[in-house]
Amino acid sequence: MSFHPPMEYAPLKFQKSERKLAEAGEPFAYTPENQAKFDELVTHYPAEERKSAILSALYLAQTQNGGYVTGAAMRHVAQQIGCTPAEVEDVVTYYTMFYTKPVGKYVINVCRTLSCALIGAERVTEEISAKLGIQPGQTTADGVFTLMEVECLGACDRAPVVMVNDTHWHERLAPEQAGQFVDDLRAKGMKAVTGCHLHVEGRSGEGGRG
């Protein structure tokens, strides 16, 4: 005898995943030079930790492929690393520094984390967006600029901070300066950026990041 009312249970159903891997695009393989770089890179890790090289492997692929990672490139990296293409795609779609479609010659990354946000980063983004006629995540029709919003760039005392193409810093960009910054970047290229003050002062290695 039971005090519980009778209950009917529907047949057990399993959720079918609708996930599809990125379109392959053109066939991809490392150039001999990049293959050599990868082969040297993985020697820095124990054999059982080969997957630790996945970020650097993807950077090689993205740089070789003109600034973005195709499905074919992800599959090639998976073969090189010894993991599944889905695992590689998880990394690509998690990190904002990897792109799955063509980007502009200059990728403008505006930091939106607290220190930058308090000093007007949102308005910097708005000014750049208005100047270029695009929204964050979009690229101008001429293929010159892509605008992105990113999390902390590690230069909170120099907010608002903008990073261009992952390696070049422009610090203390006030909203009212944003439009001119875009013009200068178009006219002068990377000479328009301030650089990281630590690098300028000789206290960091190569690259724009302090």
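Me: Among contacts in the chain between residues at least 6 apart in sequence, what percentage join residues at least 24 apart?

Reply: Good place to start! This is a predicted model, and in its chain 64% of the contacts between residues at least 6 apart in sequence join residues at least 24 apart.

Me: How many helices and strands are there, and which pattern do they follow along the sequence?

Reply: The chain has eight helices and four strands.

Me: What share of the residues is buried, and what is the accessible surface of the chain?

Reply: Of the 210 residues, 40% are buried. The accessible surface comes to about 12,900 Å², and carbon and sulfur atoms hold 54% of that area.

Me: Now the sheet. In which order do the strands lie?

Reply: Follow the order E2-E1-E3-E4: these four strands form an open sheet with mixed pairing. At the edges are E2 (145–150) and E4 (168–170), each of which pairs on one side only. Neighbouring strands are turned against each other by 25 degrees on average, direction ignored.

Me: How many bridges join E3 to E4, and do they run parallel or antiparallel?

Reply: Strand E3 (residues 162–164) is joined to E4 by three bridges, and the two run antiparallel. To find the spot on screen, look for Val164, which stands opposite His168 in E4.

Me: Which helix packs on this sheet?

Reply: That is H6, which touches strand E1 (106–111), E2 and E3. The direction of H6 makes about 155 degrees with that of E1.

Me: Let me zoom in on H6. Is Thr125 buried or exposed?

Reply: Thr125 lies in helix H6 (residues 121–132). Buried means under 20% relative accessible area. Thr125 has a relative accessible area of 6%, so this residue counts as buried.

Me: Which residues is Thr125 in contact with, leaving aside neighbours within four places in sequence?

Reply: Its contacts beyond those neighbours are Val110, Pro136, Leu147 and Glu149.

Me: What describes two packed helices?

Reply: The general idea is to give the angle between their axes and the distance between the axes.

Notes:
Residues numbered from 1 in each chain as written. Predicted model: local features only at pLDDT ≥ 70, side-chain atom pairs only at ≥ 80, totals over all residues. Heavy atoms only, no water. Buried < 20%, exposed > 50% of the residue type's maximum accessible area, 1.4 Å probe, protein only. Contact = heavy atoms within 4.5 Å. Areas by Shrake-Rupley, 256 points an atom, 1.4 Å probe, with all protein chains shown as cover. Pairing = 2+ DSSP bridges. Axes fitted to C-alpha atoms, helices over the stretch in contact; angles between N-to-C directions.
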